[in-house]
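Please look through the sequence and the model, then read on.

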Amino acid sequence: TSCASCKPQNERKVKEHCATCNAGYHISEAHCEPYECATGPGTDCKVCKPLRLRTLHGQCSACNPGHYLADGFCEPYDCSTGEGPDCASCALQDDRRAEEHCATCNPGYYVDGTICKVYNCVTGSGTDCASCRRIPLRVIDSHCASCNPGYHVSGTHCIAYTCNEGAGTGCAKC
């Protein structure tokens, strides 16, 4: 029997009339029944909590990919899409390792681990950008729109104008 204790003799209405149950069991119509747990895909358990440790039905000790353990139950990692730093698309449920696990980002952002981060751009002197591309147009950090005097945009960065001095096609003096 799984009774931890039985009802007093004068209160018993059935055979094995339990007052309390052993760990992992609950009273159901005067008898102790085990807390049930199913393994399976999605929010079902990957591994059930050992029976003696269960205090409710469906308690897990491990979850399937794309899910996390919350108070003994498996919950799916949520993900939503949006603009700016939000995900452009979410990782497939089974591939998620965190909330808001992005597969792709909106223009001007890149996936860093599981989240989208903006391509940074700072302005300054010399080879630093004089002005930066607008965020949705950036494809790399320090994506310059314009350069400081004496420099020009080459691809996405600023480089110095070159000058060759000397005979032939070079400048006499730069």
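A residue is called buried when its relative accessible area is under 20%, exposed when over 50%, and partly exposed in between, using a 1.4 Å probe and protein chains only. The model is predicted, so local features need pLDDT of at least 70 and side-chain atom pairs count only at pLDDT 80 or more, while totals for chains, interfaces and linings use all residues. Residues are numbered from 1 along each chain as its sequence is written, and side-chain values use heavy atoms, with hydrogens and water left out.

**Disulfides**

A disulfide is taken as a pair of cysteine sulfur atoms within 2.5 Å. The whole structure contains eleven of them.

| Disulfide | S to S distance | S-S torsion |
|---|---|---|
| Cys-3 and Cys-18 | 1.6 Å | about -65 degrees |
| Cys-37 and Cys-48 | 2.0 Å | -90 degrees |
| Cys-129 and Cys-144 | 1.9 Å | about -80 degrees |

Strands are DSSP runs of E with at least two residues, and helices are runs of H or I with at least four, numbered from the N terminus. The disulfide of Cys-3 and Cys-18 is left-handed, because the torsion about its S-S bond is about -65 degrees. This pair links distant parts of the chain, with Cys-3 in strand β1 (residues 3-6) and Cys-18 in strand β2 (residues 18-21), 15 residues apart. Both Cys-3 and Cys-18 are buried.

The link of Cys-37 and Cys-48 is left-handed as well. Cys-37 lies in the loop between β4 (31-34) and β5, and Cys-48 in strand β5, eleven residues away. Cys-37 is partly exposed at 23% relative accessible area, whereas Cys-48 is buried at 16%.

Cys-129 and Cys-144 also form a left-handed disulfide. Cys-129 and Cys-144 are buried.

Cys-6 is partly exposed, with 38% relative accessibility.

**Gln-59**

Gln-59 sits in the loop between β5 (45-48) and β6 (60-63). With 5% relative accessibility, Gln-59 is buried. The side chain of Gln-59 comes to 3.1 Å from the backbone nitrogen of Leu-56. Leaving out residues up to four places away in sequence, Gln-59 is in contact (heavy atoms within 4.5 Å) with residues including Cys-37, Cys-45, Cys-48 and Phe-73.

**Nonpolar core**

A nonpolar core is a set of buried Ala, Val, Leu, Ile, Met, Phe, Trp, Tyr and Cys residues joined through side-chain atoms within 4.5 Å. The largest one has seven residues: Cys-79, Cys-87, Cys-90, Cys-102, Cys-105, Tyr-109 and Cys-116. Two or more of its residues come from each of β9 (87-90) and β10 (102-105). Among the contacts of Cys-105, beyond four places in sequence, are Ala-88 and Cys-116.

**Salt bridges**

Side chains of opposite charge can pair when their charged atoms come close. A salt bridge has a side-chain nitrogen of Lys or Arg within 4 Å of a carboxyl oxygen of Asp or Glu. There are two in the structure. One joins Lys-7 and Glu-11, with the closest N and O atoms 4.0 Å apart. Lys-7 is partly exposed at 28%, and Glu-11 is partly exposed at 39%. The other joins Asp-112 and Lys-117 at 2.8 Å, N to O. Asp-112 is partly exposed at 34%, as is Lys-117 at 35%.

Definitions and conventions
Polar contact = N/O pair within 3.5 Å; in protein donor to acceptor, adjacent residues only side chain to side chain.
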